[in-house]
Amino acid sequence: MSGPRVVVLTGAGISAESGLSTFRDSGGLWEGHDPMQVATPEAYEDDPALVQRFYDERRAALAHVEPNAAHHALARLERELGDDLLVVTQNVDDLHERAGSRRVHHLHGSLHSAWCTACDVRHPWTDALGDRPPCPACAEPELRPDIVWFGEIPYGMDLVEDALDTCELFVSIGTSGVVYPAAAFVLWARGTTLELNLEPSAGATEFAESRHGPASVLVPAWVEELLG
Ligand code: BJW
């Protein structure tokens, strides 16, 4: 079985120029909390309303942002490569899809999905969850954001491992390289490797090549170069 020739991993940095905060660059707190402490099962257990508010605000913010030149360049690449491109994103926004990408795998879930912890069914979701709406399947008010928090298993790891095992080129865009398993993809990728990031990531030395600058400049230039 043949997999995609090119695997692209994206992180929060690709959406930064669209106006969405990254996790580790903002230096800011959300309602006085470190976002990394809010995005955990423990935080949800301790204070579900707080965690729901964090995700409700981020879901609502999606209505006010647009994909940038980097998302559009990857959509262009998909139009040229078809099944030979797989985008694996750690982002929970929908900016790749809104730029036109269709072969996108959301490793850490999606703001537009809700997961019922009572009946284990997932639902497409665009509204707030903080007011505890009933699950459309079982009516229990137990919907949580369908997001992969620390200690939970990222989605579709088999698919990603297979793609990394057969790809000719792995490109990492806008991610700090500190969260696993995504941080290890550069080590698992069989092909050559390239990092496109604002600054060297934690794993920069593992890449065959690194280019540094804003994604809105680096990604369109790389796509142009690849397509010749
Ligand atoms: C730009 C830019 C511009 C800015 N242009 N660039 C000890 C050792 C090793 C591992 C572990 C360990 N202890 C625990 C673990 C595992 C743990 C982990 O990695 N912890 C580390 C903190 C140490 N991982 C997990 O628990 C994961 N699960 C797991 O491992 O399960 C076991 C398993 C795996 C595989 C198979 C079977 C079993 C789950 C991780 C879940 C991560 N969840 C979050 C929050 C939920 C989503 C959300 O709310 O949005 O996902 S955490 C957060 O970090 C979020 C992100 O997707 C993720 C990565 O962040 P990202 O995208 O890299 O953003 P930033 O902000 O860190 O970086 C932005 C970068 O962009 C920077 O470099 C900037 O320079 C750059 N940039 N502007 C280009 N304009």
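**Aromatic contacts and the parallel sheet**

Arg122 lies over the face of Trp115, at 4.4 Å from the ring centre; for such a placement, NZ of Lys or CZ of Arg must be within 6 Å of the ring centre and within 35 degrees of the ring normal. Arg144 is placed over the face of Trp149, 3.9 Å from the ring centre. The model is predicted, with local features needing pLDDT of at least 70 and side-chain atom pairs counting only at pLDDT 80 or more, while totals for chains, interfaces and linings use all residues. Residues are numbered from 1 along each chain as its sequence is written, and side-chain values use heavy atoms, without hydrogens and water.

The structure contains 5 aromatic pairs (rings of Phe, Tyr and Trp, the last by its six-membered ring, with centres within 6.5 Å; planes under 30 degrees apart are stacked, over 60 edge-to-face, the rest tilted). One of these is the tilted pair of Tyr44 and Trp149, at 5.3 Å centre to centre and 45 degrees between the planes. Tyr44 lies in helix H3 (residues 41–46) and Trp149 in the loop between strand E6 (143–147) and H7, so the pair ties together parts 105 residues apart in sequence. Helices (H or I, at least four residues) and strands (E, at least two) are DSSP runs, numbered from the N terminus. Trp149 is buried, at 2% relative accessible area (buried is under 20%, exposed over 50%, partly exposed in between; 1.4 Å probe, protein chains only). Tyr44, Phe54, Tyr55 and Trp149 make up one aromatic cluster.

In an open sheet, 6 strands follow the order E3-E2-E1-E7-E8-E9 with parallel pairing (pairing requires at least two DSSP bridges between two strands). The edge strands, E3 (104–106) and E9 (209–212), each pair on one side only.
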